[in-house]
Amino acid sequence: MKKVIVIAGLGLIGGSIAKSVVRQNDHYVIGYDTDEETLQFALEMGMIHEATNHLMEVAKRADYIILAAPITQTINLMNQLDKVSFEKDVIVSDVSSVKRPIMEAASSLNNPHVYFIGGHPMAGSHKIGVQAAKAHLFENAIYVLVASEPNQESYVKRLKEILISTNCKFLELNAQEHDEMTGVVSHFPHLIASSLVHQARKWEEAHQYLPNLAAGGFRDITRIASSNPVLWQDIFHHNREKMVQLLDEWITEMTYLKQLVENKDKQAMTSYLEDAKDYRDGLGSMTRGVIPSFYDLYVDIRDQTGAIAKVTQLLAENSISINNIQILEIREGITGALRLSFSSQSILNNASKLLTEQGYETMVEK
Ligand SMILES: NC(=O)c1ccc[n+]([C@@H]2O[C@H](COP(=O)([O-])OP(=O)(O)OC[C@H]3O[C@@H](n4cnc5c(N)ncnc54)[C@H](O)[C@@H]3O)[C@@H](O)[C@H]2O)c1
Ligand SMILES: O=C(O)C(=O)C[C@]1(C(=O)O)C=C[C@@H](O)C=C1
C-alpha cells in the first residue's frame, strides 16, 4: 500500500518537500494550495500525483499531512483539520519557522486520530513560491522535529521515514529552545539585514552613486533582505518576545561598539573583531551540532561565459560531488570567487588538488 502524503502549501518549502518525497515509489503525493497556478505548475512538473482545492476533502485519505503554508495559515489549517471525521490515524506535521505558537495550537487539538509533530527544515532561500522549489534543498540540512506529547516516538519514527528522502539530518528539540536558537541565528539576522538596507537607502539621498559601491560585503550580508516581506513579518510576529529581547541586546552591543570606535582603542577593537572571526570560522566545523557542517573551498574564477560550468564540469568528470555552490563577488570583467562546499575533508582535498593542477587559485577557509 502506498503512503498517502498530503502537502498543504506548495511554495518554496512545501514544493521542495513534494519534489523529494514524490521520488519514492511507495509515496502517493497530493498537493493542496490556495493558488491555482501553483497547483497546476506542481502537477505539470510531476511534483505531485494529484492536486486539490479542498484540503478537507482529501484529508481523510491521508497517512501524513504536511502543512507548509505561512505560520498564521498553518494554525488555521490545524484547527480545521481538528474537525475532520478521520477514519484512520494521520500524522500531521508543519514546516513553520517558529514553533511555540504551532505547538500551543497542537496542544488544543482534540481529534483522537490526529498525531501532531512539529517540523522545521533549517534550509531555505530568499526566493518565493513553487518555481523556486528544489528536491535537494534540505540535503544535509538540520530538520528540527518537535513532539507534541511524551511517548510519540513511534509517530516521530514514521514521520522520519517519509522525510528521509530529503536527505536531511533530524534534530529533536522542544519549541522554546528551537525558537530561542532560530531567533538568534535566523530571524534576528533578517531584521538586521533589512535595517542595513534602509540605512543605505537613506544615504543614497546624499550620494546617488552609492548603490554602485555596494559590492560583495553589502550584498553578502543583505541577501536575506530580499526575502518575502509578508512571510517574514509573520515570523517576527510569532517570535516577537525573542525579537524584542534580541533588539535590546543588539542596542547594548551597538552602544559598546560605538564606544570602541569613539575611544580609538585599536587593541580592544582588534580583539573584538578577532573574537567574532574565531567564532564565525568555527561555525562550519563538525563539533557544531546545530549548524550543518561543510568543507568549503574558495576558487578564484574570471567573469567569463562558462567559467562556472568549467569548474563544475571538471569536478563532475572526476566524480567529485559538490554539496553546495555559491557565487561570491562576481563583477563584470573582473575576477570573482566560487564557494564550493563538500561533505568531507578528503573530497575537498581532492577537489583542491585537481583545480590547482588545472591552474585555478584555491583557498580553504581556516
Ligand atoms: N523561506 C524559507 O527560507 C523557509 C525555510 C524554512 C521554513 N519556512 C517556513 O515554510 C513556510 C512556507 O514558507 P515558504 O518560504 O515556502 O513560502 P512561499 O511563499 O514560497 O509558499 C507558501 C505557499 O503557501 C500557499 N498558501 C498560502 N496560504 C495557504 C493556505 N491557507 N492553504 C494552503 N496554501 C496556502 C501559497 O499560495 C504558497 O504557494 C512558512 O511557515 C515558513 O515559516 C520557510
Ligand atoms: O537562506 C535563506 O535565505 C534563509 O533565510 C533560510 C532560513 C535561515 O534563516 O537560515 C530562513 C528561514 C528558515 O525558517 C530556515 C532557514
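**A friendly note on this structure**

1. Isoleucine 327 has its place in strand β10. Keep in mind as you look that this is a predicted model. Is isoleucine 327 buried, exposed or partly exposed? It has 13 C-beta neighbours inside 10 Å, so isoleucine 327 counts as partly exposed; a residue needs 20 or more to be buried and 12 or fewer to be exposed. Leaving aside residues up to four places away in sequence, isoleucine 327 touches Ile308, Gly336 and Leu338. Lysine 277 is 50 residues from isoleucine 327 along the chain, and their C-alpha atoms are separated by 21 Å.

2. Now step back to the whole protein. You can look for 14 helices and 12 strands. Along the principal axes, the C-alpha atoms fill a box of roughly 70 × 50 × 40 Å. How does the radius of gyration fit a compact globule? For 366 residues such a globule would have a value near 21 Å, and the protein has 23 Å, which agrees. Of the 366 residues, 32% count as buried. Among contacts with a separation of 6 or more, 72% are made by residues 24 or more positions apart.

3. Ligand 1 comes next. How many residues surround ligand 1? There are 31, and the closest are Gly9, Gly11, Ile13, Ser97 and Gly124. At least two residues of this shell come from each of α1 (12-21), α4, β6 (114-121) and α10 (229-238). Sorted by class, the shell around ligand 1 has 15 nonpolar, 14 polar and 2 charged residues.

4. Ligand 2 has a shell that you can go through residue by residue. Around ligand 2 you will find Ser97, Met122, Ala123, Gly124, Ser125, His126, Ser186 and Ile224. By class, these are 3 nonpolar and 5 polar residues, with no charged ones.

5. Two packed helices are described by the angle between their axes and the distance between the axes. For helix α4 (residues 71-81) and helix α5 (residues 100-107), the axes come within 10 Å and cross at roughly 10°. The two helices, α4 and α5, are therefore roughly parallel to each other, since angles under 35 degrees count that way. On the α4 side, the residues that meet α5 are Ile71, Thr74, Ile75, Met78 and Asn79, and their partners in α5 are Pro101, Ile102, Ala105 and Ala106. This contact of α4 with α5 has 7 nonpolar residues, 2 polar and no charged.

6. Stay with α5 for a moment. Which residues of α5 are buried? They are Arg100, Ile102, Met103, Ala105 and Ala106. The cover over these buried residues includes α4, β5 (90-94), β6, β7 (142-147) and α7 (175-204). Ile102, Ala105 and Ala106 are buried, and these residues also meet α4.

7. Lysine 264 is not a glycine, yet has a positive phi of about 50°. Lysine 264 sits in the loop between α11 (240-262) and α12 (266-282). With 8 other C-beta atoms within 10 Å, lysine 264 is exposed. Serine 319, also not a glycine, has a positive phi of about 55°. You will find serine 319 in the loop between α13 (307-317) and β10 (324-328). Serine 319 is exposed, with 8 other C-beta atoms within 10 Å.

8. Histidine 49 lies in the loop between α2 (36-44) and β3 (50-52). Histidine 49 counts as partly exposed, having 16 C-beta neighbours inside 10 Å. Beyond residues up to four places away in sequence, histidine 49 touches Tyr28, Val29 and Ile30. Alanine 18 is 31 residues from histidine 49 in sequence, and 9.8 Å from it in space, C-alpha to C-alpha. Isoleucine 221 belongs to helix α9 (residues 216-222). There are 14 other C-beta atoms within 10 Å of isoleucine 221, so this residue is partly exposed. Again leaving out residues up to four places away in sequence, isoleucine 221 touches Ala193 and Leu196. Isoleucine 221 and leucine 196 are 25 residues apart in sequence, and C-alpha to C-alpha they are 8.7 Å apart in space.

Terms used. Residues are numbered from 1 along each chain as its sequence is written. Chains are lettered from A and ligands numbered from 1 in the order in which they are written. This is a predicted model: local features need pLDDT of at least 70, side-chain atom pairs count only at pLDDT 80 or more; totals for chains, interfaces and linings use all residues. A residue is near a molecule or strand if its C-beta atom, placed from the backbone, lies within 6 Å of it. Ala, Val, Leu, Ile, Met, Phe, Trp, Tyr, Cys and Pro count as nonpolar, Asp, Glu, Lys and Arg as charged, and the others, Gly among them, as polar. Axes are lines fitted to C-alpha atoms, for helices over the stretch in contact, and angles run from 0 to 180 degrees between N-to-C directions. Helices (H or I, at least four residues) and strands (E, at least two) are DSSP runs, numbered from the N terminus. Angles under 35 degrees count as roughly parallel, over 145 as roughly antiparallel, 65 to 115 as roughly perpendicular and the rest as oblique. Two residues are in contact if their C-beta atoms, placed from the backbone, lie within 7 Å. The radius of gyration is taken over C-alpha atoms; the globule rule is 2.2 Å times the number of residues to the power 0.38.
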